[in-house]
Amino acid sequence: MVRLADRDGFLARLMLLPAIVYIVALVAVPFVIAIAYSFSDVTAGDPSYDWVGLENYRANWRDPVFGQSLWNTFLFTLVTMVLTMVLANILALLLTADFRGKWLVRFLVLLPWTTPAALGAIAWLFMLDSLLSPIDWILWQVGLLEDGRHMVWLGKPGLAKASVIGVQVWRLVPLAAVIIMAGQTAIPDDINDAAAVDGAGFWRRLWEVTIPLTLPVIAVAALFGAIITFTDMSLVRVLTNGGPVNETHVLASWAYTKGIDGGNLAQGAAVAVFLLPLLLAATIAILRAVRRWEVT
Amino acid sequence: MAVTVEAVGLTKTFSGRERPAVDHVDLATEEGEYLVLLGPSGCGKTTLLRMIAGLEQPTDGEVRIGGDLVNGLPPRSRRIAMVFQSYALYPHKTVRQNIEFPLKAEKMPTEKRRQRAEWAAELLGLSELLDRRPRQLSGGERQRVALARALVREPSVFLLDEPLSNLDAKLRATARDDLKDFHERVGTTTIYVTHDQVEAMGMGDRIVVMLDGQVRQVGPPQAVYERPADTFVATFLGSPPMNLVPRDGAIVGFRPEKALPAEVLTGGRDGHRTWTLDVHRIEYLSGDRHLHGLATGLGEPTPVIVRLPATVLTPIDAGTTHEFVVRDEDLCYFDPETEMATDGPAG
């Protein structure tokens, strides 16, 4: 008699089952529902399903807030990624250098990443408060801001956008730095020594050796960061809730506001589904690029 | 223009280590010399080379290149070039870009840079490969690219860190010839690190034998081989190594190929020492016979190896006892306490 557990592949399938159930129940099913809703007129008040074709997409397209959200999503992602990559590279270089108390600094640097996104955002809500902002206080002390005046970080469209980007960068830099650091430590010592013997100074070594050799890793870090930024809703939701006057909404937060807060599930779903082809295209493009770098 | 390289009391102790990796080394090359640092793994030879290159800061002592103190100077200010064991080519650059890199760092104009790179490539037979990347090259080709990158700047000193150890045996022999030829053509002072005694003996003008961070002996290959300064050098060099036979108050040494069957000797036995060998085992290695056995009559009975060249036809069988002779002048003597070479017994 052959025991069940001895049968080829049975155990493997059994072990995979929880993961598959998880993915099907929490990713695949909601995904299919979202697509289905986006072609319907389902609302919180009237959950009956009626096919309306592309009507939701058309309505969204006409909606200026949707346009603003779409623009913001790209703007935030792009600016966040550029800033994150620059800062993460600098940080990684600092952290690979040898100095006392390195472990403590590494630990502190990683802290923002370990903080749950919403919690970090709430902390920043206080940092950027219109009346109590410690940043304003610092600006007073160094004389960059007239005493008693306030920046009102989250109350002006430009500053609010900058704040959202700034906090996102704060959150993403540690992860990116650690990933890039792994790439930098993977460069053989001999290569760095050879560059030193060949007469390359710090900058030449950075631009001609370190960065080209860590490019695939930087690309992976950028891909992760971009997807996280692109799909993130909690930061905008907590920090500005899209304000002032819908100026800082991104697609994810607008989908939530429209679908959950506003109860228009179908239109919210259409906003969310709109992210899909964009993400897919970005992912394929970056993965292709990574593979090309590895081959050459 | 050849320059000298000097180490004066050079010492390196890595942090957290008690024993220095390089321990008060005094060393000086001649102008244009091919100096080989030889020793087992971990003897400090690479650390010594890296201190000369400026990749490692000495704990104590001085490095002088062309008479100038270079302590504290970065590698690029030392007019040296180095070839690494792994070659350390830049994988993302073409052969041309690899070779041009040191010139680019010197801010040489593009046109001149191109000419120089092509000159170096020509010299090492790489002209056809300039647009390839290191991945697309064989081990031997990579090694030549590393060499081209080193020589393109026309450095005053070449530092080579086991550049042949990543090549297969056959390629290594030709690469050795190429390196030696190349040195004869350019005449640049060269310091070559290896753990391979064949490379050291074959290439070095002089050999520096190192152990535990200290220099044990410096001299031309033949002198180091025939007159080792201590028992370590005696047994580290030579394959099989020198036979060491304890005798009261001394250790007597002789090279395996210096012993001959007594009957081969046609003249008298003046100036020779006669002893007997109980032959236990015979190995045939590339035509030579290696006799493993117990020697008596030289000192205490000791296991030794005798290497009979293919030209000695005396029939000898395992399990027999045979009389052997060694010329007195081929015997080396060592102090059993210090293990240092001595002049031998008085009288």
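Student: What makes S15(B) and S16(B) a hairpin, and which residue in the turn has a positive phi?

Tutor: In this predicted model, S15(B) and S16(B) form a hairpin with five residues between them. The residue in the turn with a positive phi, of about 100 degrees, is B:Gly297.

Student: How do you know that strand S15 and strand S16 of chain B pair?

Tutor: Two strands pair if DSSP finds at least two bridges between them. S15 (residues 288–296) and S16 (residues 302–308) of chain B have seven bridges, in the antiparallel sense, so by that criterion they pair. One of the bridges joins B:Ala295 to B:Thr302 in S16(B).

Student: Why do strand S2 and strand S5 of chain B stand at the edges?

Tutor: The open sheet has four strands in the order S2-S1-S4-S5 (chain B), with antiparallel pairing. S2 (22–28) and S5 (68–69) each have a single partner strand, so one side of each is left without a neighbour in the sheet.

Student: How many bridges join strand S1 and strand S4 of chain B?

Tutor: S1 (residues 5–12) and S4 (residues 60–65) of chain B are joined by five bridges, antiparallel in sense. Within S4(B), B:Arg64 stands opposite B:Glu6.

Student: What makes the largest nonpolar core a core, and which residues have the most contacts inside it?

Tutor: A core is a set of buried nonpolar residues joined through C-beta atoms within 7 Å. The largest has 97 residues, and B:Leu37, B:Ile52, B:Ala148, B:Leu159 and B:Val208 have the most contacts inside it. Helix H4 (residues 139–151) of chain B gives the largest share of this core, six residues. Another core lies apart from it, with 50 residues, including A:Ala177, A:Met181, A:Phe230 and A:Val236.

Student: Which residues does B:Ile52 touch, not counting those up to four places away in sequence?

Tutor: B:Ile52 touches B:Val5, B:Ala7, B:Val63, B:Leu159 and B:Ile191.

Student: What share of chain B counts as buried?

Tutor: Of its 347 residues, 39% count as buried. A residue is counted if 20 or more other C-beta atoms lie within 10 Å of its own. Among the contacts in chain B with a separation of 6 or more, 64% are between residues 24 or more positions apart.

Student: How do you know that the span of helix H1 of chain A agrees with its number of residues?

Tutor: At 1.5 Å a residue, the 29 residues of H1 (residues 10–38) should span 42 Å, and the end C-alpha atoms are 39 Å apart, which agrees. H1(A) still has a kink of about 40 degrees at A:Leu17, shortly before the proline A:Pro18. Its buried residues are A:Ala34, A:Tyr37 and A:Ser38.

Student: How many residues does each chain give to the contact?

Tutor: Chain A gives 15 residues and chain B gives 18 residues. On the side of chain A that touches chain B, the elements that give two or more residues are helix H8 (189–197) and helix H9 (202–231). H8(A) gives the largest share of that side, six residues. By class, that side of chain A has nine nonpolar, two polar and four charged residues.

Methods:
Residues numbered from 1 in each chain as written. Chains lettered and ligands numbered in written order. Predicted model: local features only at pLDDT ≥ 70, side-chain atom pairs only at ≥ 80, totals over all residues. Contact = placed C-beta atoms within 7 Å. Nonpolar A, V, L, I, M, F, W, Y, C, P; charged D, E, K, R; others polar. Buried ≥ 20, exposed ≤ 12 C-beta atoms within 10 Å, placed from the backbone. Expected span 1.5 Å × (residues − 1). Bend = angle between axes of the 7 residues up to and from the residue.
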